[in-house]
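User: Please take a close look at the aromatic rings of the structure shown below. I would also like to see that part set in the context of the rest of the chain.

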Amino acid sequence: MKNLKGKSEVRYALWQAYSKKCAICGEPIGYTQLQIDHIIAESIEKNYNEFCRVLKKYQLHKDFQVNSLYNLRPACGYCNREKSYYEAPEEITAKLLRKAKNKISDVNREIKKYLEESNYVLEIETMRKAVKSGELKLEEYIDQVNNFVSDYGNEYFECENEFTNFRSIKYFSVKLDGYLPRLNEPEGSCLFTFSSFYIRGMNLTLSHNEILQTLFKGTKTPIDQLMRPYVIDKLSGDNYIIQLGSSRFNLSKDETIHLCEVVDRFINEYIIAIEKIEKVLSCKEFLPLSKDLKKYKLMKLHKEFWRLMLKFADEHDNYQGKGKWHIFDSSGRNIIKVYNSEPTLQYNSGFHCVIHSLVESNDSWEPTEEVWLVWWDVEKNKNYGIRDYWTVEQAYHWLTNEFIPMVMYTYDPSLKRNKLGLKKGISFDEYKKLNSFDSLHSRNSDRYFDIYKITGVNELINLVNSLQLYYSVTTETYFEKKAIESIYDLLIYILSINSDTNFYYICSKLNINQTSNLNDLKTQINKKKENEKSGKINGGTLDMLLRSVSAAVEYSQEIINPDEIKLITEYLEPIVADYNLNKLVRVYLTSK
């Protein structure tokens with residue numbers, strides 16, 4: 001242990017683990033200027049009583065050793081010299097010891113990487129000497145170097161840190177270190193490292209946008225389908241051209257398979273991490289802002305009504321009364337803050353919702369009289385719920401069911417207050433029953449579809465039409481044979497319900513022989529179904545198929561019962577799942 005800080009791999013590892021900076025002043029240091037410093041002076045170990053006192057003071061384990069990674073840090077020459085003249089305050093020393101402990105895994109990882117690189121260099125040098133001595137032919141040397149791959153391991157390995165949402169995944173020749181999205185940090189990143197000879201040691205970093213744009217598409221598709229954006233082309237000899245970020249390079253087929261395996265595992269966790277955020281915030285039916293993924297669009301309404309909402313909030317400030325609706329903090333402009341200073345029967349104290357308005361687009365050619373209301377978690381609160389900070393969905397329901405009706409009730413010019421303060425004797429609850437407020441606001445309704453919430457024919461038609469519109473502008477996608485067959489089965493099922501349909505339209509869209517015989521039509525559809533297989537399917541093909549389904553549903557809408565609606569949506573489940581997943585990825589791309 002005494003010579004630990006003198007070992008080159010330890011020096012290098014500490015330097016890398018601390019981001020090539022001095023652990024004392026935080027300034028960058030070159031490797032040649034690097035010095036390794038003991039946090040607790042090395043001389044203390046010689047005095048047993050003093051050493052025991054230090055162990056107790058800093059609550060260190062009895063096996064703690066001064067000459068160990070738990071007590072070493074990188075330092076520049078100036079800080080190391082200055083430190084020799086005084087003893088750091090107790091709280092600073094304790095902090096430095098905690099930091100060194102937290103860096104252990106990073107240091108050990110860098111030590112392993114250093115030793116692997118050293119072994120690699122030795123292997124190359126040994127082969128070079130063999131060529132020089134004639135023991136190895138030059139052609140053999142080149143061939144060995146070209147095929148030299150120092151594997152990261154012969155099996156899949158993953159480690160994680162739940163606190164930081166860090167993931168490290170390695171599979172044979174490819175390693176990925178990445179950070180997954182989490183609450184209040186919805187944009188992750190990742191770093192690729194390869195052990196392939198040509199790009200050995202090169203680090204490729206991808207941002208949140210690049211992960212969703214480059215890594216997501218084509219997930220779990222065979223590499224020979226070339227549906228993954230980062231697999232550019234296949235060369236002769238089973239080599240592939242890869243593009244990640246701004247770097248383009250070649251990988252063998254095995255290395256490409258290793259890359260795809262790592263990507264598929266990481267992107268799966270990345271999507272799950274976003275879905276966890278949406279589950280906590282109850283926001284999967286709402287659009288995040290493209291410039292700030294921590295905010296969500298609730299609804300669109302007229303500017304004048306937004307001004308009335310602001311006026312109501314200002315007149316019902318929390319400090320101006322104790323009534324049911326005195327739940328606002330009216331400070332600030334163009335913003336509604338639901339807040340109460342003391343706990344009530346309905347709410348805990350503190351902020352519950354913050355909403356501000358946003359114009360559709362500052363670059364729009366056409367002026368608009370409408371604004372978006374945007375949910376904003378200013379407190380970065382981890383306690384979400386009716387009594388604490390409202391989720392996106394809870395805020396939306398409060399707006400539509402309570403606040404908007406109350407604002408209308410308060411400022412409705414057709415109602416005048418009597419001496420008791422009631423409006424022509426109509427209570428708020430009665431006013432809500434007599435009026436509809438849906439026309440006052442609108443929002444996008446095709447962000448996410450829950451098939452279990454579709455109970456009416458109009459909702460079913462809207463679902464099919466939304467799917468058709470989405471895939472009509474999709475060049476190609478990948479489906480398992482079972483998923484494609486399910487759409488054909490759905491069409492056949494609807495045709496079985498009602499034979500009175502537009503035969504000509506369906507035949508023309510599916511490019512099958514014109515017929516007016518229902519059994520003949522179903523037979524031809526079955527033949528097309530049998531010819532389908534897992535793999536690429538053109539967006540135009542799905543477009544025509546879904547147009548046929550939509551037409552069949554519309555012709556049968558008057559006779560389809562609720563149980564049949566449920567069954568029809570189950571047929572659509574695979575394609576709806578694909579639609580929802582692609583929509584999620586699209587809306588979480590930022591425009592920064």
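Analyst: A residue is called buried when its relative accessible area is under 20%, exposed when it is over 50%, and partly exposed in between, using a 1.4 Å probe and protein chains only. The model is predicted, so local features need pLDDT of at least 70 and side-chain atom pairs count only at pLDDT 80 or more, while totals for chains, interfaces and linings use all residues. Residues are numbered from 1 along each chain as its sequence is written, and side-chain values use heavy atoms, with hydrogens and water left out.

The overall setting comes first. The protein has 18 helices and 18 strands; these are DSSP runs numbered from the N terminus, with helices (H or I) of at least four residues and strands (E) of at least two. Of the 592 residues, 46% are buried. A contact means heavy atoms within 4.5 Å. Among contacts between residues at least 6 apart in sequence, 61% join residues at least 24 apart.

Now to the rings themselves. Rings of Phe, Tyr and Trp (its six-membered ring) pair if their centres lie within 6.5 Å; planes under 30 degrees apart count as stacked, over 60 as edge-to-face and the rest as tilted. By this rule there are 29 aromatic pairs. One of them joins phenylalanine 312 and phenylalanine 328 in an edge-to-face arrangement, 6.1 Å centre to centre and with 85° between the planes. Phenylalanine 312 belongs to helix H9 (residues 303–315), whereas phenylalanine 328 is in the loop between H9 and strand E13 (335–340), so the pair ties together parts that are 16 residues apart in sequence. Both phenylalanine 312 and phenylalanine 328 are buried. These two rings belong to one aromatic cluster, formed by Phe312, Trp325, Phe328, Tyr347, Trp390, Trp398 and Phe403.

Rings also meet charged side chains. A charge sits over a ring if NZ of Lys or CZ of Arg is within 6 Å of the ring centre and within 35 degrees of the ring normal. The charged end of lysine 295 is placed over the ring of tryptophan 376, 4.2 Å from its centre. Likewise, arginine 443 lies over the face of phenylalanine 286, at 4.6 Å from the ring centre.

Proline 181, in the loop between strand E5 (174–179) and strand E6 (189–194), is buried at 1% relative accessibility. Residues up to four places away in sequence aside, proline 181 touches Asn165, Pro186, Gly188, Tyr270, Ala273, Ile274 and Ile277. Proline 181 and tyrosine 270 are 89 residues apart in sequence, with 6.9 Å from C-alpha to C-alpha. Asparagine 580, in helix H18 (residues 573–587), is buried with a relative accessible area of 12%. Its contacts, leaving aside neighbours within four places in sequence, are Arg447, Tyr448 and Phe449.

Two positions in loops have a backbone feature to note. Lysine 220, in the loop between helix H7 (208–215) and strand E8 (231–235), has a positive phi of about 65° although it is not a glycine, and at 60% relative accessibility lysine 220 counts as exposed. Serine 19, which is not a glycine either, has a positive phi of about 60°; serine 19 is partly exposed, with a relative accessible area of 49%.

Finally, the cysteines. With a disulfide taken as a pair of cysteine sulfur atoms within 2.5 Å, the count comes to 0. For cysteine 76, the closest cysteine sulfur is that of cysteine 79 at 3.5 Å, which is too far for a bond. Cysteine 76 is buried at 14% relative accessibility, and cysteine 353 is buried at 0%.
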